[in-house]
Amino acid sequence: MPPASMRSASAPPRWSVGRVHRTVIDENGEIGAPAGEARSPLQILRATYRIDGLLAAAGDLFAAHFAAAHFDLGKGTDYSQIRGTAAASSGEKLPGTEAEEARHWIFAAMEALGGGASPAAMAVWSVVGAQTALDRFATSRHFRMPGGQRWLSVEEAEGVLRQGLAALAAYLAAPTVEHQHRRRGLRVRVAGAVELSFLVGSRRFKVVATYDPALKAWVGHRMAPRKLRPGEKVIAEFRHWCVKAANVAQLAEAAIGAAAAGSPSGRARAAG
């Protein structure tokens, strides 16, 4: 018969639909998964097919840079931790060159996701970077959402995370997409939403897109200037037509195709 220490080192399997999960109990009575079997929130979402490979790859790259940045997580999203800012004069110990470069990469990505006030940016920071569980992140703070500031449900938090990962993937793909359409003078700007600017003939078009987690696609609207009305001083824009695509590369193709077609039927094909 094994010694008592060995008998208390494991717990019976936990059963779920079609799977067996093994748990262990440490000397303090805490229950968890063996180190080799523990999975991050991002890995769980990928394994359960709640995010696709493109979003998972973007998240993996963010997680790798986050780990290399060696953040003091007790300070949250502290942008002053970049060398040369307020931290340099406060006497705080600064990170090494590799960690500093990783921090610059992380903070540039955070700005592309909408900054520290963006729920999508904070979802990526907390769940992908700090590996906070989705349910804990959902109730970690009040988020600015339509209808006011409030906590999120776990389902809403997952949708916000997918929005953030999609924006991160678009940000990472932007240089390649711009290069592919350099003859159109394509520029891709990611700031939570994705803004495309390109030429068709002598006309410059602008398409602004947001990621819809329910559709698992970017939905882009061509924004056209509206004529000034009496008393107005600023030119307003209106939504002229719409395109839809799974990623920013396909979005650029669809938007340029719709603009070049110039007809309602051509635009309808691009949107489909």
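Trainee: Okay, which strands form the hairpin with Gly192 in the turn?
Mentor: That's β7 and β8, with one residue between them. This is a predicted model, by the way. Gly192 in that turn has a positive phi of about 85°.

Trainee: How many bridges join β7 to β8?
Mentor: Five, and the two strands run antiparallel. β7 covers residues 187-191 and β8 covers residues 193-200.

Trainee: Which residue in β9 stands opposite Val200?
Mentor: Arg203 does. Further along, Glu195 stands opposite Val208 in β9.

Trainee: What's holding strands together in general?
Mentor: Strands of a sheet pair through backbone hydrogen bonds, either parallel or antiparallel.

Trainee: So what's the strand order in the sheet here?
Mentor: Follow β7-β8-β9-β10-β11; it's an open sheet of five strands with antiparallel pairing. β7 and β11 stand at the edges with a single partner strand each, so one side of each has no neighbour in the sheet. On average, neighbouring strands are turned by 25° against each other, ignoring direction.

Trainee: Switching topic: how many salt bridges are there?
Mentor: The count comes to three. One of them is between the side chains of Arg50 and Glu158, at 2.9 Å from N to O. Arg50 is in the loop between α2 and α3 while Glu158 is in helix α8, so this pair ties together parts that are 108 residues apart in sequence.

Trainee: Are those two buried or exposed?
Mentor: Arg50 is partly exposed, at 30% relative accessibility. Glu158 is buried, at 13%; the cut-off for buried is under 20%.

Trainee: Which other residue forms a salt bridge with Glu158?
Mentor: Arg162, with the closest N and O atoms 2.9 Å apart. Glu158 and Arg162 are four residues apart in helix α8, so about one helical turn separates them. Arg162 is buried as well, with a relative accessible area of 15%. Put together, Arg50, Glu158 and Arg162 are linked in a network of salt bridges.

Trainee: What about Lys206, which residue does it form a salt bridge with?
Mentor: With Glu237, where the closest N and O atoms are 3.3 Å apart. That pair links distant parts of the chain, since Lys206 is in strand β9 and Glu237 is in strand β11, 31 residues apart. Lys206 is partly exposed at 25% relative accessible area, and Glu237 is partly exposed at 40%.

Trainee: Now His181: where is it?
Mentor: Look in the loop between α8 and β7. His181 is buried, with a relative accessible area of 10%.

Trainee: What is His181 in contact with, leaving aside neighbours within four places in sequence?
Mentor: Leu186, Ala252, Glu253 and Ile256.

Trainee: Last one, Glu100. Where's that, and is it buried or exposed?
Mentor: Glu100 is in helix α5, residues 97-112. Its relative accessible area is 17%, so Glu100 counts as buried.

Methods
Residues are numbered from 1 along each chain as its sequence is written. This is a predicted model: local features need pLDDT of at least 70, side-chain atom pairs count only at pLDDT 80 or more; totals for chains, interfaces and linings use all residues. Side-chain values use heavy atoms; hydrogens and water are left out. Two strands pair if DSSP finds at least two bridges between them. Axes are lines fitted to C-alpha atoms, for helices over the stretch in contact, and angles run from 0 to 180 degrees between N-to-C directions. Buried means under 20% relative accessible area, exposed over 50%, partly exposed in between (1.4 Å probe, protein chains only). Contact means heavy atoms within 4.5 Å. A salt bridge is a side-chain nitrogen of Lys or Arg within 4 Å of a carboxyl oxygen of Asp or Glu.
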